[in-house]
Amino acid sequence: MTQPVPMTELWRGPMLESLHLGHAVICDDSGQIVRSWGDPNAVIYPRSSAKMIQALPLITSGAAAKYGLGSEHLALACASHNGAAIHTERVTAWLDHLGLSEPDLRCGPQEPADMAARDGLILADDTPCQIHNNCSGKHCGFVTLAQHMGAGPEYIEIDHPVQQACLSAFEEATGEDSPCYGIDGCSAPNFATSLVGLARSMAWFASAGDRSDRASDAAQQLTAAMMKHPELVAGETRACTELMRAMNGRAAIKTGAEAVFVAIIPEKKMGVALKITDGATRASECAIAAILVSLGVLEADHPATRKFMNATQYSRRGLECGVIRPAPGFPG
């Protein structure tokens, strides 16, 4: 089957109000498909779900060791954070450690998703800056690598050594040549791949403990950092943070814009990738939760799970009015 399949439904009262279709793949440590829905060969932009791949050269180059980066730095390099104080303070300190500052980033300013941070800016009559950008941790990784390489400041250009290192890591992890790239919301290149390629890369991360090469060691460090610091990878109320906490170190998961989601499951040496075709994040959150439950690494009745899967919808007066749930037969 090459057409997207029903994955998430929104019911309001007795009627199906919305239906979200998508593609999903689970791969094992050999890179083979364990299970798929829709078209595993659908070519997508992984968007921010690929940040852990983009962070590999930060470690394999020796830059992380040279600058004394710890697990919090690595988690931030993989993050799409809320711009809360726990994120921005650490990003600022990272830049200070490099002898750099906010203008050295190339991700652009973004209003923080964290309400306290947003209100603080308003009360101070201040405006958001690049440190508030949800990708500022990834960009700190980029500038760290650029400084280590002695490369120029325009690290987001496609021919810059930083982006060429990211492309090499991306193609090695996915096992595919990327057919093209697009410019992400943070202005950096985002390399396209098939959904099975993305799932294969996550399985490569998940099975990294079976190998002893430098890239696999880097993959283990990044996975461990994400699971150790879920609050840095996203933030309070976010699916990445809440579901990783619920799984208590059994899996690392990461969202990407336009309803992409991936999972690294070391205990099963499996990787998961999914894409909801209409770009609805609520649908991708429900779908990844459903797959994780089906694989036995997430409890179906955990309070965090129930926020995103089989999640009751309420009116503004607090009346129960609907539910977001997996489509019948998915994941099966």
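Two strands are taken to pair if DSSP finds at least two bridges between them, and helices (H or I, at least four residues) and strands (E, at least two) are DSSP runs numbered from the N terminus. The model is predicted, and local features need pLDDT of at least 70 while side-chain atom pairs count only at pLDDT 80 or more, whereas totals for chains, interfaces and linings use all residues. Residues are numbered from 1 along each chain as its sequence is written, and side-chain values use heavy atoms, with hydrogens and water left out.

Strand S8 (residues 252–256) runs antiparallel to S9 and is joined to it by 5 bridges, with Gly 256 standing opposite Val 260. Between the two strands of this hairpin there are 3 residues, and Glu 258 takes a positive phi near 65°. S9 is also joined by 6 bridges to strand S10 (residues 270–276), again in an antiparallel arrangement, and Val 260 stands opposite Lys 275 of S10. The hairpin of S9 and S10 has 4 residues between its strands, and Lys 269 in the turn has a positive phi of about 55°.

Because 6 of the 6 residues of S9 (residues 260–265) are buried, this strand is largely enclosed by the rest of the structure; buried means under 20% relative accessible area, exposed over 50%, and partly exposed in between, with a 1.4 Å probe and protein chains only. Val 260, Val 262 and Ile 264 point one way from S9, while Phe 261, Ala 263 and Ile 265 point the other way.

## Helix H13

Since 10 of the 14 residues are buried, H13 is largely enclosed by the rest of the structure, and the buried residues include Cys 286, Ile 288, Ile 291 and Leu 292. Just after H13, Gly 296 takes a positive phi of about 80°.

Asp 39 lies in the loop between strand S3 (33–37) and strand S4 (43–44), where its side chain reaches the backbone nitrogen of Asn 41 at 2.9 Å.

Ala 64, in helix H3 (residues 63–66), counts as buried because its relative accessibility is 8%. Leaving aside neighbours within four places in sequence, Ala 64 is in contact (heavy atoms within 4.5 Å) with Leu 58, Ile 59 and Leu 69.

Note on methods:
Polar contact = N/O pair within 3.5 Å; in protein donor to acceptor, adjacent residues only side chain to side chain.
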